[in-house]
Each structure stands twice: as structure tokens, then as C-alpha cells.
Amino acid sequence: FMVLGSNETLMIEFVLQGFSELPRLRLPLFRCFFSLYTVAHSASLQSPMYFFLCNLAAMDIVCTSSVLPKALVGLAFEENTISFPGCMAQLFFLTWSASSELLLLTAMAYDRYVAICRPLHYSWRMSPRLCQSLALGVWAVCALNGSLHAGLMTRLSFCGPNIIAHFFCEIPPLLLLSCSPTLVNSIMTVLADAFYGVLNFLLTLVSYGCIVASILRMRSAAGRRRAFSTCSSHLLVVSVYYSAVFCAYISPASSYSPERSKVSAVLYTMLSPTLNPIVYSLRNTEVKHALGRLVQALLCPEVRGLPP
């Protein structure tokens with residue numbers, strides 16, 4: 001804390017609770033998180049075939065890099081303090097990457113819809129210029145969203161407890177620590193949840209509803225299998241990501257549960273970025289080698305120089 005007056009203080013750093021309530025799991029969690037972080041950043045897995053996959057891979061790197069290094073330091077050295085500017089930077093990059101992934105998944109669902117339901121129109125509906133414009137718009141809009149939430153958070157006063165009930169800085173636990181009115185922050189959070197979460201989820205459902213209807217109308221069983229195989233990977237990634245996001249964010253701040261949020265956060269900040277390149281490259285020989293290294297790292301941590 002920094003003292004401003006006899007009855008006023010200003011928060012200059014927070015303490016991330018992390019997984020301190022589970023001391024026996026500290027080293028196993030470190031091994032697991034470190035392995036997931038390594039696989040998620042493997043160069044052999046981040047060479048996607050499609051344009052939107054490339055953007056998704058970039059956002060995966062931003063997401064994991066904004067959360068996991070600090071979480072690993074906390075697990076390895078029990079150093080859980082984070083400065084206020086550092087906390088706001090982490091909040092910005094996490095919000096930017098998470099909202100970008102939701103929009104990119106919706107764009108990819110539309111891409112699959114056009115490919116299966118309107119194949120003759122695919123070349124002009126999903127032209128390179130349109131794809132580039134969509135990606136640029138996603139990055140810009142979501143960067144604005146992250147700046148808005150981080151900026152609103154800096155306007156709040158934090159003069160009470162400084163322990164964040166999480167392993168990174170996110171909006172709900174920070175609002176619970178504020179001693180200022182948080183109505184504007186809560187309204188903007190609900191609006192963002194409605195747009196990035198609910199609306200994009202509904203658009204994805206509509207796209208897949210049309211895809212399923214189109215597949216069922218196909219007369220050839222081989223054609224149905226081929227059509228389904230082109231979107232099954234994306235459908236799996238969407239299911240995992242939205243399940244975690246809804247569990248973590250689609251709820252009022254007053255009903256925030258630290259335990260539930262930590263589990264959900266592991267899914268969308270660690271597991272999902274690791275699974276994305278694997279799911280989209282299941283037939284790639286390099287993926288098999290990367291999975292072998294991951295299993296070896298988990299079972300034999302001394303091979304990677306991790307704590308025994």
C-alpha cells in the first residue's frame with residue numbers, strides 16, 4: 001500500500017492467491033502447466049493451414065503468455081505479488097485474446113457454413129481480402145474492448161484487502177476488492193458477455209444448425225462423412241472453449257466462485273490453446289511426436305529439468 005493521508009490509502013500491488021490453498025499440488029501443477037505451455041508454443045504445432053487458424057494460434061500465444069509465466073513463477077517460487085500496472089496489463093491482454101478467440105471461432109463457423117452449404121459461392125464469400133478484413137476487425141475491436149475494461153478498472157479505488165482469489169488478474173475478483181462503486185464496470189462486463197459470449201454462441205449455433213440440416217439432406221453416406229469431418233475439429237474446439245467461458249464469465253460478480261473460476265480458467269487459458277493445434281492436426285506426424293514429449297515430461301519431469 002501507499003499512504004496518501006491519515007484515512008486514505010492507495011493500492012500499488014496485489015497478491016495473487018493462485019493455488020496456495022493446495023500446497024501438496026504445487027509441484028504437480030507446475031509440471032502440468034509448464035508442459036501445457038511448452039506444447040502450446042511448439043513451432044511444429046503453430047503452422048496452421050488456414051488463415052483463421054493462424055490468427056487463432058496467435059491469440060492462443062497471447063493468452064497463454066499473459067497468464068502462464070506468472071502462474072509458473074508463483075508455483076515454483078511462491079512469489080505471487082503483482083504490481084497494479086502489471087495487473088492491468090495482464091487484464092488487457094487476457095481480455096483482448098479471449099474476446100478475439102470468440103469472434104474468430106464465429107468467423108470459422110461461418111467459413112464452414114459457406115464451405116458446406118454454399119460451396120459454389122465459397123471463393124467470393126470467403127475471399128482473401130474479406131478474410132483479412134475480418135481478422136483485422138477482430139483484432140481492433142477486441143483490443144478496444146480490452147482497453148475499455150482495463151481503463152475502467154484503473155478508475156476504481158482499491159483500499160481494502162489486496163488478495164486476488166485467482167492465479168491471474170480478471171474482472172470479477174478485482175471488482176470484489178474495489179471500495180469504489182462498480183456499477184459502470186458491471187454494466188460493461190454484462191454487455192461484453194452478451195456480445196462476445198451469448199451473441200457469438202448463437203451465431204455459431206445457427207451456422208451449425210444449417211450445416212447439420214445440409215448434411216442430413218445429402219444422399220451419399222460418404223459425402224455426409226466427408227462433410228462432417230471438415231467441421232468436427234472446429235465443433236470440438238468450440239464446445240470446450242464456450243463451456244469454460246460460460247462457466248467463468250456468464251454469471252454476476254456477486255455469485256463469483258473462486259474455485260469454479262480457477263478450474264474454468266485452466267480450461268480456456270491453458271488446455272484450450274494446447275488442444276487447438278492438436279485437434280486441427282490430428283493426422284500430423286509432428287503432433288504425435290509433440291504428444292509423446294508432453295507425456296514424457298509429465299511422467300519424467302527430470303528430462304525437462306523440472307523439479308522432481
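## Basis of the description

Because the model is predicted, local features need pLDDT of at least 70 and side-chain atom pairs count only at pLDDT 80 or more, while totals for chains, interfaces and linings use all residues. Residues are numbered from 1 along each chain as its sequence is written, and side-chain values use heavy atoms, with hydrogens and water left out.

## The chain as a whole

The secondary structure of the protein chain comes to ten helices and five strands, where helices (H or I, at least four residues) and strands (E, at least two) are DSSP runs numbered from the N terminus. Of the 308 residues in the chain, 45% are buried, a term that stands for under 20% relative accessible area, with exposed meaning over 50% and partly exposed in between (1.4 Å probe, protein chains only).

Among the contacts in the protein chain with a separation of 6 or more, 78% are between residues 24 or more positions apart; contact here means heavy atoms within 4.5 Å. The accessible surface of the chain comes to about 15400 Å², and 67% of that surface belongs to carbon and sulfur atoms, with areas taken from the Shrake-Rupley method with a 1.4 Å probe, and for residues only the protein chains shown count as cover.

Helix H5 covers residues 128–154, and its 27 residues reach 39 Å from the first C-alpha to the last, close to the 39 Å expected at 1.5 Å a residue; the expected span is 1.5 Å times one less than the number of residues. Its buried residues include Cys131, Val138, Asn145 and His149, and the buried residues of H5 pack against helix H2 (51–77), H3, helix H6 (171–177) and helix H7 (183–216).

Gln132 also lies in helix H5, and it counts as partly exposed because its relative accessibility is 49%. Gln132 and Phe52 are 80 residues apart in sequence, yet their C-alpha atoms are 9.1 Å apart in space.

## Gln90 in helix H3

Gln90 has its place in helix H3, which runs over residues 84–117, and this glutamine is buried because its relative accessible area is 6%. Leaving aside neighbours within four places in sequence, Gln90 is in contact with Ser66, Val67, Lys70, Ile82, Phe168 and Cys169. One of these, Lys70, is 20 residues away along the chain, and the two C-alpha atoms are separated by 9.7 Å.

## A pocket and a cavity

On a 1 Å grid over the protein atoms alone, a cavity is a set of points where a 1.4 Å probe fits but cannot get out, a pocket is an open set with protein on both sides within 12 Å along at least five of seven lines, and lining residues have an atom within 4 Å of a point. Grid points are joined across faces, edges and corners, and a volume is the space filled by probe spheres set on the points. The second largest pocket holds about 220 Å³ of space, and H3, H5 and H7 each supply at least two residues of its lining. That lining includes Leu103, Tyr110, Val138 and Asn200, and it divides into nine nonpolar, three polar and no charged residues; Ala, Val, Leu, Ile, Met, Phe, Trp, Tyr, Cys and Pro count as nonpolar, Asp, Glu, Lys and Arg as charged, and the others, Gly among them, as polar.

Helix H8 (221–249) and helix H9 (258–279) each supply at least two residues of its lining, with H9 giving the most, four residues.
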